Amino acid sequence: MPPFFQPVIDRIAADIATAPGRGRPADYIPALAEADPQRFGMAVAELDGTVYGVGDWQQPFSAQSITKVFTLALVLSLEGETLWEHVGREPSGNPFNSLVQLEYEHGIPRNPFINAGALVVTDRLHRLTGNASGALQEFLRAESSNPLLDFDERVTASETAHGDRNAALAHFIASYGNITTPVPELLHQYFRQCAAEASCADLARAAGFLARHGIRADGSVLLSRSKAKQVNAVMLTCGTYDAAGDFAYRVGLPGKSGVGGGIIAVVPGRCSLCVWSPGLDERGNSVAGVAALDRFTTLTGLSVF
Ligand code: DON
């Protein structure tokens, strides 16, 4: 059978190249501000790991909040349902780094994808494994089949130097007892996690377990079918923060963005995708990335709806 996806993504890349407006790279983490908004890559991984790509699809970039999907999946597989006593699963309707809901919700973050919720998940992964970022790295290397996948310690250092907001979130949650790793150690783990460098090809493959209903690349079970559904559902409702409604409307797939300009998306039972373009909209999602995924579901008719 001739490859179905290659002509589709070639056409999307051509459309994106002529589309006006690319947004601006994140500048609150200085190491990310230098990225060129004209860069664009897209990869689609079939269930067997075969990857189709276009543009800068093999160029590593800063995965940032995309990693929150993988830490959530690891904690769900290790700990199970008790995680949900410590973090909610409702959209926040607020920016990803907002503090406002935490006090009246007694230190239980709204969902695992806003920074507050991700700090709780990373705390739990760190306690379960003794090395949260190491567990993430091992998982990403195995699922992407890229043994060189690594953290960019320059990005870790840059975010550490400008990390007051995440430090405030972590200390505040710790004051409710919902984080127990010492905050400086937890922040180091979290900033390292966010600084994972991976390409569209790597991340499309690494998200494959969500398209395979919880099955890892080697055929073993990471999550039950029901738990894989839960992760996909939380991605759909919370994965792009206060833009999740618009993303669901335009794209119609579970997706997770990062301020490095990447977005992963999942078509359960069919494929997993990653797009990258560093220019962001005001809510922290890649402008060209959302447009490309919008185009993908329009052209292919593949969507969860
Ligand atoms: O903690 C932060 O602010 C960043 N390391 C990650 C934020 C992020 O990627 C939000 N996504 N759009």
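Strand 7 (residues 262-267) and strand 8 (residues 271-276) of this predicted model are paired in the antiparallel sense, with 6 bridges between them. Within this pair, isoleucine 264 has cysteine 274 of strand 8 as its bridge partner. The two strands belong to an open sheet of 5 strands, ordered 2-1-8-7-6, in which the pairing is antiparallel. Strand 2 (51-55) and strand 6 (255-257) form the edges; each has a single partner strand, so one side of each has no neighbour in the sheet. From one strand to the next, the twist averages 10 degrees.

Two helices pack on this sheet. Helix 1 (residues 5-18) touches strand 1 (41-46), strand 2 and strand 8, and its direction makes about 20 degrees with that of strand 2. Helix 14 (residues 287-300) touches strand 1, strand 7 and strand 8; the angle between its direction and that of strand 8 is about 145 degrees.

Serine 272 is placed in strand 8. With a relative accessibility of 1%, serine 272 counts as buried, the cut-off being under 20%. Not counting residues up to four places away in sequence, serine 272 touches Ala43, Val44, Ala45, Ala204, Ala207, Gly208, Ala211 and Ala265. A polar atom of the serine 272 side chain lies 2.7 Å from the backbone oxygen of alanine 204. Serine 272 is also 6.8 Å from glutamate 46, C-alpha to C-alpha, although 226 residues separate them in sequence.

The largest nonpolar core contains 73 residues, and those with the most contacts inside it are Phe70, Leu119, Leu203, Phe209, Val231, Met235 and Ile264. Helix 3 (residues 67-79) gives the most to this core, contributing 7 residues. Ile264, named among those core residues, is also the bridge partner of cysteine 274 described above. Valine 231 touches Val69, Leu72, Leu76, Leu210 and Leu223, leaving out residues up to four places away in sequence.

The ligand has 14 residues around it, of which Tyr28, Gln64, Ser65, Glu159 and Tyr190 come nearest.

| Residue | Ligand atom | Distance |
|---|---|---|
| Tyrosine 28 | oxygen | 2.5 Å |
| Glutamine 64 | nitrogen | 2.6 Å |
| Tyrosine 241 | nitrogen | 3.3 Å |

Serine 65, one of the residues that come nearest to the ligand, is in the loop between strand 3 (61-62) and helix 3. Its relative accessibility is 7%, so serine 65 counts as buried. The side chain of serine 65 makes a polar contact of 2.9 Å with the side chain of lysine 68. Apart from neighbours within four places in sequence, serine 65 is in contact with Asn115, Tyr241, Lys256, Ser257 and Gly258.

Notes
Residues are numbered from 1 along each chain as its sequence is written. This is a predicted model: local features need pLDDT of at least 70, side-chain atom pairs count only at pLDDT 80 or more; totals for chains, interfaces and linings use all residues. Side-chain values use heavy atoms; hydrogens and water are left out. A nonpolar core is a set of buried Ala, Val, Leu, Ile, Met, Phe, Trp, Tyr and Cys residues joined through side-chain atoms within 4.5 Å. Buried means under 20% relative accessible area, exposed over 50%, partly exposed in between (1.4 Å probe, protein chains only). Helices (H or I, at least four residues) and strands (E, at least two) are DSSP runs, numbered from the N terminus. Contact means heavy atoms within 4.5 Å. Two strands pair if DSSP finds at least two bridges between them. Axes are lines fitted to C-alpha atoms, for helices over the stretch in contact, and angles run from 0 to 180 degrees between N-to-C directions. A residue is near a molecule or strand if one of its heavy atoms lies within 4 Å of it. A polar contact is a pair of N or O atoms within 3.5 Å; within protein, one must be able to donate a hydrogen and the other to accept it, and residues adjacent in sequence count only if both atoms are side-chain atoms.
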